[in-house]
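Q: Could you take me through this model feature by feature, giving the general idea each time and then the case at hand?

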Amino acid sequence: MKKTAMLLSAICLTATVFSGCARTSDIPDNPKNQQSSSEAAGSMKWWQKINAYEIYVNSFQDSDGNGYGDLNGIRSRLDYLSSLGVGAIWLTPVYDSPMEDNGYDVADYYSINHRYGTMEDMDALIKEADEKGIKVVMDLVFNHTSDRNEWFKRSSENRDNEYSDWYIWRDPKADGSEPNNWRSIFGGSAWTWNEKRQQYYLHTFASSQPDLNWENPDVRNALYDVANFWIDKGAGGFRMDAIPYIKKPSGFSDGPVDDSEGRSDIHKMTVNTDGILDYLREFKEKVCVGHDIFTVGEANGVSPDDLKYWVGDNGVFDMIFEFNHMNLEFDGAETWCKAGSFELSDLKKALTESQKATASNGWYPIYFENHDKPRSINHYFTEGSDPVLAGKALGTVLLTLRGTPFIYQGEELGLTNVSWDSIDDYNDLNSKSQYNIAIKEGFSEEEALDFVHRFSRDNARTPMQWDGSENSGFTTGTPWLPLNGNYKEVNAELESEDKSSVLSWYRRLSGFRRGNDILIKGEYNELLNDNKDIYAFERKYSSARLVILVNFSNKDADFDTEGAGISDDKEKILFSNYGDNEGKEARSIKNLRPLEAIIIGE
Ligand code: GLC
């Protein structure tokens, strides 16, 4: 507590670095659309008009040859980000950390991980990004800390000190076993024994990530201090990690057994426990109110029906990342070996529900990738799909739905999954856990590795592919994780020169979206709902509209032109990922080619 308060006041006294938090972005609108946008989109917040971009810091750009991406590396790539219409970069955690979960195990919220640079580098990044109209969004990991955090070290010393109640400690059951049967999200018991205290502590994730006790007001205030410290530094917003788990149910009772070890998924037992919104309202009041920042909560398990409590004027965040369209094959299960499959109709339903739920209340962060999920080309398209067409097809949806698009690094290049030979080649601790869970559940080693190939978080964590040189321009040293073997053919340099690349497509569509009232402000209506291959929707603003049609299948797909409301001879194909039919009259088309994506408008 004392350390936190002292640090905060020291920063407040030297508050000359307050730069980004109270200003509106001045990102220029697409000049073509400027006239209409200034009146209509003018009333919107800066973060509703931009593209956001997630940077997995370990893998973006190394500047000092240590094999890990870093802050100065990001500084050197700001122009690249601007070329994609990026107005906010969400950095995965950059704080001091033992890196057992690559930064999601924070040892000190007030210092920068030495692998990534220094606090001076961070200040420089915030300032330089701000000058280019890019805000830096910090990842607040507030459900848990690292077990190497001073708070936890003190808490685990004994049952009677200032920090004793900062984590969730419980006595064993009478037979000495864990307090209940909850299984952590990364596998194994959610409780770990501590010799000194002769008690168990709870961890939703790995045992090195003990959960904080949000019931304790000192803990909450210390976390608000952290967030305010970063606002004072100039952060433009926060991504709130694993936020639906912060409140635990009071009973800590056993859950229904769902595995062969007699355990019960902790997610189901603790997600969105009643009372959680009281804490988050307090966070909003003590941190966010009065600052021109945005918040986006990582809220796996919030249904579209509940969105109204989470976002919007009466909600707690500006946006939440819900997972309804990301976890379609899991049907509530968290373990990879329980995954099933899904149809395009499931994806259409999930996206439309979220679009509707945020139509008049709150705002939607559009995303198909992040550092915890496989690459979207592998996730949403059948094996063997042309990655360039598929990457552009999904990019079309990403950049035309209603909300703020969050591009994940490499998605704009059409990067795809990796498939390494052995589980030992993987770095991600969850991949190793899920592999072991599959083996325990009776799958063969080969089958267990297949689950890892399909879902490993390392799929999206391989280093960024900048050019065709050794290690793709990511590092001059040894990369912390091997690159995807296709980097000589798929990289930003080549794609910048190629007008038909995924990157060029993202740049074109981002330019079109910027300042475009229909895409930024217009309403969303799904079209051709019964079509099994095509996802179609219109965006409508005033009397103007755009129609977006995307064939997710690998075959020609027919559609009913009139069903999509296309009858006007003024409507033309404005964009096509095949490129050969742009400018054509829209009502003349009766089908889409494999993976074809088009945008129709006047
Ligand atoms: C979030 C992060 C993930 C991390 C976990 C534990 O889901 O996105 O990467 O492992 O929380 O902090």
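**Pockets, ligand and salt bridges**

A: The lining of the largest pocket comprises 11 nonpolar, 13 polar and 6 charged residues, where Ala, Val, Leu, Ile, Met, Phe, Trp, Tyr, Cys and Pro count as nonpolar, Asp, Glu, Lys and Arg as charged, and the others, Gly among them, as polar. This is a predicted model, in which local features need pLDDT of at least 70 and side-chain atom pairs count only at pLDDT 80 or more, while totals for chains, interfaces and linings use all residues. Residues are numbered from 1 along each chain as its sequence is written, and side-chain values use heavy atoms, with hydrogens and water left out.

Q: How is a pocket defined, and what volume does the largest pocket have?

A: Rolling a probe the size of a water molecule over the atoms shows where empty space is left. On a 1 Å grid over the protein atoms alone, a pocket is an open set of points where a 1.4 Å probe fits, with protein on both sides within 12 Å along at least five of seven lines, and lining residues have an atom within 4 Å of a point. Grid points are joined across faces, edges and corners, and a volume is the space filled by probe spheres set on the points. The largest pocket has a volume of about 830 Å³. Among its 30 lining residues, Asn378, His379, Phe381, Thr382 and Glu383 are the closest to its centre.

Q: Which helix gives the most to the lining of the largest pocket?

A: Helices are DSSP runs (H or I, at least four residues), as strands are (E, at least two), numbered from the N terminus. Helix α12 gives the most, with 4 residues, and α11, α12 (376-380) and α15 (445-455) each supply at least two residues of that lining.

Q: What lines the second largest pocket?

A: This pocket holds about 650 Å³ of space, and of its 26 lining residues Lys45, Trp47, Gly312, Asp313 and Asp318 lie nearest its centre. By class, its lining divides into 9 nonpolar, 10 polar and 7 charged residues.

Q: How many residues surround the ligand?

A: A residue is near a molecule if one of its heavy atoms lies within 4 Å of it. For the ligand there are 13 such residues, the closest being Asp101, His144, Asp241, Glu298 and Asp372. Polar side-chain atoms of His144 and of His371 each lie 2.8 Å from an oxygen atom of the ligand, and one of Arg457 lies 3.0 Å from a ligand oxygen atom.

Q: How many salt bridges does the structure hold, and which residues are linked in a network?

A: A salt bridge is a side-chain nitrogen of Lys or Arg within 4 Å of a carboxyl oxygen of Asp or Glu. The structure holds 36 salt bridges, and Asp101, Asp372, Asp428, Arg457 and Arg461 are linked in a network of them.

Q: Where in the chain do Asp254 and Lys173 lie?

A: The side chains of Asp254 and Lys173 meet in a salt bridge (3.3 Å, N to O). This pair links distant parts of the chain, 81 residues apart, with Asp254 in the loop between β10 (237-240) and β11 (264-265) and Lys173 in the loop between β6 (169-170) and β7 (182-183).

Q: Why does Glu353 count as partly exposed?

A: Buried means under 20% relative accessible area, exposed over 50%, and partly exposed in between (1.4 Å probe, protein chains only). Glu353 is partly exposed because its relative accessible area is 35%, whereas Lys349, at 52%, is exposed. Glu353 forms a salt bridge with Lys349, with 3.4 Å between the closest N and O atoms, and both lie in helix α11 (residues 344-357), 4 residues apart, about one turn of the helix.

Terms used:
Polar contact = N/O pair within 3.5 Å; in protein donor to acceptor, adjacent residues only side chain to side chain.
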